[in-house]
Structure formats: structure tokens, C-alpha cells
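Try each task before reading its solution.

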Amino acid sequence: MKKIIVSTVVVAMSATFLSATTNQEIKQEAKAAIMKMGKTLQMHMKQNMKAGGPVQAAAFCSDKARGIAKEVNAGYEKGVSVKRISLKYRNQTDKPTADEAKVLQELHTAFDTKNSLPKMLVKEVGKNHYKVYKPIFINKGVCLTCHGTNDVRDEEAYKLIKAKYPNDKAVGYKKGDLRGAFVVDIVK
């Protein structure tokens with residue numbers, strides 16, 4: 001009888017360890033993918049902001065950011081893709097699926113009540129299929145140029161944005177607000 005109980009405990013501990021190891025590996029893979037996507041988009045935004053200010057940066061975002069994201073995604077390992085999502089999306093392609101919206105709502109609720117969130121959240125979608133969520137915050141004042149309240153948004157840039165996205169929801173933010181999340185889809 002003792003051998004069976006000890007064996008069961010060892011198997012349970014091994015499963016927990018493998019799960020934690022898998023979770024850590026998934027997070028590492030997601031982190032690398034997010035860093036690549038984030039740095040690439042941020043670099044282009046900075047270049048456009050420097051070259052032509054908010055209007056050129058807004059034009060870049062609406063015309064070129066999606067293509068750059070596709071190029072970056074093409075460079076990942078097979079089975080890995082990254083996208084940005086938000087409950088207050090500007091572009092329909094950033095609209096979360098029903099499951100993603102549920103996770104975003106949980107993140108918003110947790111942030112509103114605790115004012116803190118995990119750096120990454122791993123959700124198992126199916127066998128060897130994971131989605132990793134990394135919250136995106138409005139940390140820089142420059143983000144408010146296009147995503148802020150009426151009193152801080154750049155009027156000319158926002159005219160361009162509204163022309164392209166008449167149903168824009170991605171405004172009204174203040175520094176420190178939870179904007180949405182990067183979602184890394186990983187199929188092993």
C-alpha cells in the first residue's frame with residue numbers, strides 16, 4: 001500500500017514539474033516573439049514620429065503597421081504568431097475573439113481592483129496549443145497623441161485616423177492605463 005501512495009505522489013509531483021517547465025518554456029518563447037514584434041513596431045513609430053510628427057506616425061500606423069506585423073510574424077518559428085488586441089480597438093484586425101475578450105476583461109477587472117497584473121498569462125487552448133497574453137499599458141505620453149483624451153490628442157493626426165477608422169474606440173486613455181495585450185499563439 002505504501003508503494004502505491006508514494007508512486008502516486010511522485011507521479012503527481014512530476015506532472016506538476018513538467019507543467020511548470022512547459023509553462024516557463026512557453027513564456028520564454030512568447031517573450032522572444034513579443035520583443036521582436038514590439039521593438040520592430042516601436043522603431044518604425046519613432047522613425048515616423050521624428051520624420052513627420054504625429055500625422056506621419058498616424059499615417060504609418062494606419063497604412064503600414066499591419067504589413068510590418070505580417071512580415072515579423074513570417075519570421076517566427078512555424079506555429080507561432082503575435083497580434084495586438086484591445087477591447088477598445090481601432091482596427092477591426094485588433095478586435096479580440098470571444099475567448100480573448102474574456103481574458104482581456106479579466107485583466108481589466110484585475111487591474112482596476114488590484115492595480116497590478118502578471119507580466120504574462122498563459123492559457124492552454126488545447127493539446128499543445130497555448131495563448132500567452134502580455135498586457136500593454138499606456139506608458140509614454142507620445143501614445144496619447146493618438147490614443148488620449150480630446151484635450152491631448154493631436155487634432156490633425158486624429159482627423160486622418162477618423163477618416164480611416166470612423167468607428168474608432170481606441171481613445172480616451174491616460175498615462176498608466178491598460179490598453180490591451182499582445183497575444184502570442186503557440187502551437188507545438
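**Exercise 1. Find the accessible surface of the chain and the share of it that belongs to carbon and sulfur atoms.**

Solution. The accessible surface comes to about 11,600 Å². Carbon and sulfur atoms hold 58% of that surface. Areas here come from the Shrake-Rupley method with a 1.4 Å probe, and for residues only the protein chains shown count as cover.

Before you go on, note that this is a predicted model, where local features need pLDDT of at least 70 and side-chain atom pairs count only at pLDDT 80 or more, while totals for chains, interfaces and linings use all residues. Residues are numbered from 1 along each chain as its sequence is written, and side-chain values use heavy atoms, leaving out hydrogens and water.

**Exercise 2. Describe the largest nonpolar core and the place of Val82 in it.**

Solution. A nonpolar core is a set of buried Ala, Val, Leu, Ile, Met, Phe, Trp, Tyr and Cys residues joined through side-chain atoms within 4.5 Å; buried means under 20% relative accessible area with a 1.4 Å probe, protein chains only.

- Step 1: the largest core has 21 residues, and Val82 is among those with the most contacts inside it, as are Met37 and Tyr76.
- Step 2: α1 (2–63), α2, β1, β3 (129–137) and β4 (178–187) each supply at least two residues of this core, and α1 gives the most, with seven.
- Step 3: not counting residues up to four places away in sequence, Val82 touches residues including Ala33, Ile34, Phe182 and Val184. Such a contact means heavy atoms within 4.5 Å.

**Exercise 3. Characterise the lining of the largest pocket.**

Solution. On a 1 Å grid over the protein atoms alone, a pocket is an open set of points with protein on both sides within 12 Å along at least five of seven lines, and lining residues have an atom within 4 Å of a point.

- Step 1: the largest pocket holds about 1,400 Å³ of space.
- Step 2: of its 45 lining residues, the closest to the centre are Leu41, Arg84, Ile136, Cys143 and Phe182.
- Step 3: α1 gives the most to this lining, with 16 residues.
- Step 4: by class, the lining has 24 nonpolar, eight polar and 13 charged residues.

How values were computed:
Buried < 20%, exposed > 50% of the residue type's maximum accessible area, 1.4 Å probe, protein only. Helix = DSSP H or I, 4+ residues; strand = E, 2+ residues; numbered from the N terminus. 1 Å grid on protein atoms, 1.4 Å probe; cavity = no way out; pocket = protein on both sides within 12 Å on 5 of 7 lines; lining within 4 Å. Points joined across faces, edges and corners; volume = space filled by probe spheres on them. Nonpolar A, V, L, I, M, F, W, Y, C, P; charged D, E, K, R; others polar.
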